[in-house]
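Please keep the sequence and the structure in view while reading.

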Amino acid sequence: MKFTKDTVSVVIGGTSGIGKAVAGALEERPGTVHVASRSTGLDITDEASVIQYFDAIGPIDHVVMTAGSAAPGGLIADVTIDAAKEAFETKYWGSVVVAKHASSKIGPGGSITLTSGFLARRTVPGTFVKTAMNAGLEATAKLMAKEWAPIRVNVISPGLTDTEAYSGMADKARKTMLANATASLPARRVGTAGDLASGYLFVIDNPYVTGSIIDIDGGSLIN
Ligand SMILES: NC(=O)c1ccc[n+]([C@@H]2O[C@H](COP(=O)([O-])OP(=O)(O)OC[C@H]3O[C@@H](n4cnc5c(N)ncnc54)[C@H](OP(=O)(O)O)[C@@H]3O)[C@@H](O)[C@H]2O)c1
C-alpha cells in the first residue's frame, strides 16, 4: 500500500529505542503517525485505555507495537513469579490487547507488526521470562495473521540492540555487554534502532509478507 497524506500509522512504544526509530522513519513519509506510551498517557496494561485510544484515532492503516522491554532475568527456580507475570502483562498481554483492538480499525492493505526477541528461539539458561513471552507472542501472531486476514500480521525479532532499554545498567557493565556481543556475533556488531526500523518498514511495505517472523539479530540464532 502506497503511503499518502491519508495514511494513518500508530507506533505503541514509539517514544524510545526501536519504536522511536520506526516512528521517525514513518514520519518521513506522507500521512499521520501517532506515537504512544505511558509517557504520552497510554498504558497498554489497561485494556479500557487501549480501546479508548483506538476509538479516538478512528481508521488506521499500520500499527507497530514495540512497547515493554523489561523482564526479570534468572533461572526458572529463582525468578519471582509475580515479576514474571508483570513482564507478561506488558509485553505479551499488552501486544494482544493492542493488536486485538487495533484490528477492528484497520482497513484492507493494512498491517500489524509486533516485536518479539531472539531469545524466543534460543535456549539460554536464565532468560526464561523473555523466552516464554516472546515465543508465545510469535505463535499468537501467526494465528492473528490467519484469523484477521487480509490484515497482515508480522513479528520483528530483534537481537541485542543498543537502546534506552539498557540505560538502567551501570555504564561499565553496559559497555562490556555491548563489546562482548560485538566480538561474538557473526555480524560483528550490535544492532542500532535504525537497523531494526528498516525491518518494520519492510514488512509494512511488502504486501506478500504475513505470518512471518523476521530475525534482525546479527546472527544470534546461528551463533
Ligand atoms: N533492545 C534490545 O536489545 C532488544 C532485544 C530483543 C528484543 N527487544 C524488544 O524490542 C522492543 C523494543 O525494545 P527497545 O530496546 O526499543 O525498548 P525501550 O527503548 O525500553 O522502549 C520501550 C518502549 O515501551 C514503552 N512502554 C513500556 N511499558 C509500557 C506500557 N505499559 N504501556 C505503554 N508503553 C510502554 C516505553 O515508554 P514509556 O516508558 O513511556 O511507557 C518505551 O517507549 C521490546 O519489545 C523489546 O523486548 C529489544
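How many of the ten residues of strand S4 (residues 106-115) are buried? Seven of the ten are, and strand S4 is therefore mostly covered, where a residue is called buried if 20 or more other C-beta atoms lie within 10 Å of its own, exposed if 12 or fewer, and partly exposed in between, with C-beta atoms placed from the backbone. This is a predicted model, in which local features need pLDDT of at least 70 and side-chain atom pairs count only at pLDDT 80 or more, while totals for chains, interfaces and linings use all residues. Residues are numbered from 1 along each chain as its sequence is written.

**Strands and their pairing**

Helices (H or I, at least four residues) and strands (E, at least two) are DSSP runs, numbered from the N terminus, and two strands pair if DSSP finds at least two bridges between them.

| Strand pair | Sense | Bridges |
|---|---|---|
| S1 (residues 8-12) and S3 | parallel | four |
| S3 (residues 60-65) and S4 | parallel | four |
| S4 and S5 (residues 152-158) | parallel | five |

Valine 10 has valine 63 as its bridge partner in S3, histidine 62 has serine 111 as its bridge partner in S4, and serine 111 in turn has arginine 152 as its bridge partner in S5. Strand S3 is largely enclosed by the rest of the structure, because six of its six residues are buried. Between S3 and S4 comes helix H3 (residues 81-103), and the three elements make a right-handed β-α-β unit; right-handed here says that, with the strands pointing away from the viewer, the path from the first strand over the helix to the second runs clockwise.

In soluble globular proteins, nonpolar side chains tend to be buried together. The largest nonpolar core of this model has 48 residues, and those with the most contacts inside it are Val11, Val22, Val63, Val98, Ala102 and Ile112. Helix H4 (residues 128-147) contributes the largest share of this core, seven residues. A nonpolar core is a set of buried Ala, Val, Leu, Ile, Met, Phe, Trp, Tyr and Cys residues joined through C-beta atoms within 7 Å. Valine 98 is in contact with Ile12, Ile44, Val50, Val63 and Met65, leaving aside its neighbours within four places in sequence, where contact is defined by C-beta atoms, placed from the backbone, that lie within 7 Å.

**The shell around the ligand**

Which residues come nearest to the ligand? Of the 28 residues around the ligand, they are Gly17, Ser37, Arg38, Ser39 and Gly117, a residue being near a molecule or strand if its C-beta atom, placed from the backbone, lies within 6 Å of it. The shell divides into seven nonpolar, 17 polar and four charged residues; for this division Ala, Val, Leu, Ile, Met, Phe, Trp, Tyr, Cys and Pro count as nonpolar, Asp, Glu, Lys and Arg as charged, and the others, Gly among them, as polar. Helix H1 (17-27) and helix H3 each supply at least two residues of this shell.

**Individual residues**

Glycine 14 lies in the loop between S1 and H1 and is buried, with 27 other C-beta atoms within 10 Å. The C-alpha atoms of glycine 14 and valine 35 are separated by 5.2 Å although the two residues are 21 residues apart along the chain, and the contacts of glycine 14, not counting residues up to four places away in sequence, include Gly19, Val35 and Ser37.

Histidine 34 belongs to strand S2 (residues 32-36) and is buried, with 20 other C-beta atoms within 10 Å. Histidine 34 touches Val10 and Ile57, not counting residues up to four places away in sequence.

Asparagine 134, in helix H4, is buried with 28 other C-beta atoms within 10 Å, and touches Ser116, Gly117, Leu119 and Ala120, again not counting residues up to four places away in sequence.

The peptide bond from alanine 149 to proline 150 is cis, with omega near 15°, and proline 150 is found in the loop between H4 and S5. Arginine 188, in the loop between helix H5 (171-184) and helix H6 (193-205), has a phi near 55°, a positive value in a residue other than glycine, and counts as exposed because it has 11 C-beta neighbours inside 10 Å.

How values were computed. Two residues are in contact if their C-beta atoms, placed from the backbone, lie within 7 Å.
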